[in-house]
Amino acid sequence: MLKRVLLCPPTYFDVVDQKNPYMSAASPVDREKAHRQWEALRAALQESGCQVETINPAPGLEDMVFAANQVFVGYHDGFGRFIVPSRMVHSSRQREVPFYVDWYRARGYKVVDLELGNEHLEGHGDLLWHPDWSRVYAGYGFRSTRGGVKIFDAAMSKLGIPVVPLHLVDRFCYHLDTCFCPLNNDAVLIYPGAFEPESLQEVRRYWKRVYELTAEEAHKFMGNGIVAQHRYITPYATPHLEGMLREEGLTPVIVDTSEFEKSGGSLFCMKTFLP
Ligand code: ARG
């Protein structure tokens, strides 16, 4: 079955401020190189059986390439395909949201607008589905707030979708997608040091097999990979990671994301799978 995935070309991609500890004015972006890396991601997804859709980038929105953050995308039997627009922490990123909401609305997705007040939610940076759509894991602490996750939880509970809040504590893992990567319905790849102890226990309750990255691996975005057709698309691999992937029948496919890492993001952050 073809998996559909949304990407945004990095036409205006840049590092202009410091939204996370990876970003620094000292490492300017090579935009041509970024474009080649993005094209390699698109090709790797297509070679892994994905149908790639794109949204038009907007000038001045330097992080719009990170297509995972502007909305949460869901599917529910009965309710259908829906999105929950984010309320991003940074104002330039908040301006990306309406472009994505329009894209999804034009394609028939229902829009579930939450009254977030001063709370924050950052889409699939922090909100990750169990692969079988049975529940959502919700990271908070750096970007999404505890209060934002509560409001999201209340809305999802009306649809009968359980939400598992997870408290993040490592600033290099400021989004859940940097330290938590479902490999299939039974196995997850995590960096344990990114979770507050009770949250780590919560994670372990829901998975038969939990694979652990080292801090070095996690901070190199090896937990920010993309699973598609028995492949794990990742910016780097170590023998340790390869061993864990092998246990789950996954082959690593390397796609260099050096330019995007300067912005604190890698492969998982650059796409959203479409139900
Ligand atoms: N520069 C972006 C930011 O700080 C990177 C976002 C990475 N996205 C992700 N899902 N982790 O917002």
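A cavity, on a 1 Å grid over the protein atoms alone, is a set of points where a 1.4 Å probe fits but cannot get out. Grid points are joined across faces, edges and corners, and a volume is the space filled by probe spheres set on the points. This is a predicted model, so to speak of local features takes pLDDT of at least 70 and side-chain atom pairs count only at pLDDT 80 or more, while totals for chains, interfaces and linings use all residues. Residues are numbered from 1 along each chain as its sequence is written, and side-chain values use heavy atoms, with hydrogens and water left out.

**Cavities**
- Searching the whole structure turns up two cavities of 30 Å³ or more.
- The largest cavity has a volume of about 80 Å³.
- It has 14 lining residues (those with an atom within 4 Å of a point), and Asn-20, Phe-66, Arg-93, Tyr-174 and Ser-263 sit closest to its centre.

**Pro-9**
- Among the residues lining the second largest cavity are Pro-9, Pro-10, Tyr-12 and Pro-57.
- Pro-9 belongs to the loop between strand S1 (3-7) and helix H1 (31-47); helices (H or I, at least four residues) and strands (E, at least two) are DSSP runs, numbered from the N terminus.
- Pro-9 counts as buried because its relative accessible area is 16%, where buried means under 20% (1.4 Å probe, protein chains only).
- Leaving out residues up to four places away in sequence, Pro-9 touches Trp-38, Thr-54, Ile-55 and Pro-57, with contact meaning heavy atoms within 4.5 Å.

**Nonpolar cores**
- A nonpolar core is a set of buried Ala, Val, Leu, Ile, Met, Phe, Trp, Tyr and Cys residues joined through side-chain atoms within 4.5 Å.
- The largest one has 32 residues, and Leu-176, Phe-180 and Tyr-232 are among those with the most contacts inside it.
- Strand S10 (187-190) and helix H5 (197-205) are among the elements giving two or more residues to this core, and S10 provides the largest share, four residues.
- A second, separate core has 23 residues, including Ala-34, Phe-66, Phe-260 and Met-270.

Notes:
Buried means under 20% relative accessible area, exposed over 50%, partly exposed in between (1.4 Å probe, protein chains only). On a 1 Å grid over the protein atoms alone, a cavity is a set of points where a 1.4 Å probe fits but cannot get out, and a pocket is an open set with protein on both sides within 12 Å along at least five of seven lines; lining residues have an atom within 4 Å of a point.
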